[in-house]
Amino acid sequence: MTFTLNKIHKAVNWNKEDDNFTQAFWEQNVKQFWLPEEISVSKDLKVWNELNEREKDLYKKVLAGLTLLDTKQGNNGIPSMMSLTDNLQRKAVLSFMGTMEEIHAKSYSSIFTTLLSNREIDELFDWIESEKTLQRKADLILKQYENTTDKKSLYLSMVTSVFLESFLFYSGFFYPLFLAGQGKMVASGEIISLILRDESLHGKYIGLLAQEMYSSFEIEEKEALKNKMYSIFNALMENEMEYTYLIYKDSGLEKEVINFLKYNANRALENLGFEDFYEVDDINPIVLNGLSTETKTHDFFSTKGNGYQKGIYEELEDEDFII
Ligand code: MN3
Ligand code: MN3
């Protein structure tokens, strides 16, 4: 049988560096790999039972909101960016990150299954589907991801991805960090720290890809894209403030969470190569402490070989990624 090839099929070649940062990001992503099964959430049960109903309600809702974001990032965000990325090493890094999104999404379920009854879990997943500000957030994100058809829309999907990972997650991260910083819900907090450490790496990597792409556009195109970028930014922030006021209502923490969101919104813009947008007050020191992406209690890879452990705790510095 004979057939004609329509195009040349290429294989990924890791023997040479396609750029000067992708292989470093691959290595760091792989070093950071973790599974929720390595953390025993049941240690939190005692503290969980001592929390009042309002605290429990807030805790499970922030995790439910995060579950929706990680689900969309794994199923829509990463695949949309991969589909228009030609470079095979970059595609591989994105693919690995997509797998981690599914692991993040699943890790919240491992917290739920430990702390909640089946009925409470069902009610929580119903809440995700019925909470308008949460659904609107997913809508805003998906509208961009599902419209990734050319270089410009790919750029805007990368922008949306960086907003999601470096900024939107933080209304949800705040409360677990706030409790863990006071010695409460420490095992679940460890899961959140691991997710946060991944998101910090993802935001940096996709931010670099976005910046490289942005620099390839003409001046007028840049202006138009920058305007669209800010319009996505403002739409997401407006909704995020509404969402935050709603779920943190009566906690007394609303203002601090909004301030924390603004702080992280500035970090997201920084990842994309833009100036800070907000003046930010001091971040609650308990929460800021939790932002340090060093791990605290979790003994990584204790069941794996020693060689594997080498370098795991090394954090990437900005200087590692100068293009
Ligand atoms: Mn994630
Ligand atoms: Mn991510």
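Let me begin with R136, which is found in helix α6, the stretch covering residues 132–145. Please keep in mind throughout that the structure before you is a predicted model. Apart from residues up to four places away in sequence, R136 touches N239 and E242.

What does E242 form with R136? The two form a salt bridge, and their closest N and O atoms are 3.5 Å apart. This pair links distant parts of the chain, since E242 sits in helix α9 (residues 219–247) and R136 in helix α6, 106 residues apart. E242 is also partly exposed, at 42% relative accessibility. A further distance concerns E240: its C-alpha lies 9.6 Å from that of R136, although 104 residues separate the two in sequence.

How many salt bridges does the structure hold? There are 13. One of them joins E50 to K46, with the closest N and O atoms 3.3 Å apart. Both residues belong to helix α2 (residues 45–50), where they are 4 residues apart, about one turn of the helix. E50 is exposed, with a relative accessible area of 55%, and K46 is exposed as well, at 60%. Another salt bridge brings together the side chains of D18 and K16, at 3.4 Å from N to O.

I turn now to the metal ions. The manganese ion (ligand 1) is coordinated by D70, E101, H104 and E199, at 1.9 to 2.2 Å. Along the chain, these donors follow the spacing D-x30-E-x2-H-x94-E. D70 lies in helix α3 (residues 53–83) and H104 in helix α4 (residues 88–115), so this pair ties together parts that are 34 residues apart in sequence. D70 and H104 are both buried.

Which residues coordinate the manganese ion (ligand 2)? They are E101, E165, E199 and H202, at 1.8 to 2.2 Å. The spacing of these donors in sequence is E-x63-E-x33-E-x2-H. E199 and H202 are both in helix α8 (residues 186–215), 3 residues apart, about one turn of the helix, and both are buried. The two manganese ions, ligand 1 and ligand 2, lie 3.6 Å apart, and E101 bridges them.

Helix α8 also contains R197. Is R197 buried or exposed? R197 is buried, yet it has no salt bridge; D198, the nearest side chain of opposite charge, is 4.8 Å away. The side chain of R197 does reach the backbone oxygen of Q32, at 3.3 Å.

Helix α1 (residues 22–31) has T22, Q23, F25, Q28 and N29 as its buried residues. These buried residues pack against α4 and α8.

My last topic is the largest nonpolar core. Of its 94 residues, Y155, F163 and F173 touch the most other members. Helix α7 (residues 151–180) supplies the largest share of this core, 18 residues. Setting aside neighbours within four places in sequence, Y155 is in contact with A210, M213, Y214, F217, L225 and F274.

Methods
Residues are numbered from 1 along each chain as its sequence is written. Chains are lettered from A and ligands numbered from 1 in the order in which they are written. This is a predicted model: local features need pLDDT of at least 70, side-chain atom pairs count only at pLDDT 80 or more; totals for chains, interfaces and linings use all residues. Side-chain values use heavy atoms; hydrogens and water are left out. Donors are N, O and S atoms within 2.8 Å of the metal (3.2 Å for Na, K and Ca); water is not among the atoms, so sites may look incomplete. Helices (H or I, at least four residues) and strands (E, at least two) are DSSP runs, numbered from the N terminus. Buried means under 20% relative accessible area, exposed over 50%, partly exposed in between (1.4 Å probe, protein chains only). Lys and Arg count as positive and Asp and Glu as negative; His and the chain ends are not counted. A salt bridge is a side-chain nitrogen of Lys or Arg within 4 Å of a carboxyl oxygen of Asp or Glu. A polar contact is a pair of N or O atoms within 3.5 Å; within protein, one must be able to donate a hydrogen and the other to accept it, and residues adjacent in sequence count only if both atoms are side-chain atoms. A nonpolar core is a set of buried Ala, Val, Leu, Ile, Met, Phe, Trp, Tyr and Cys residues joined through side-chain atoms within 4.5 Å. Contact means heavy atoms within 4.5 Å.
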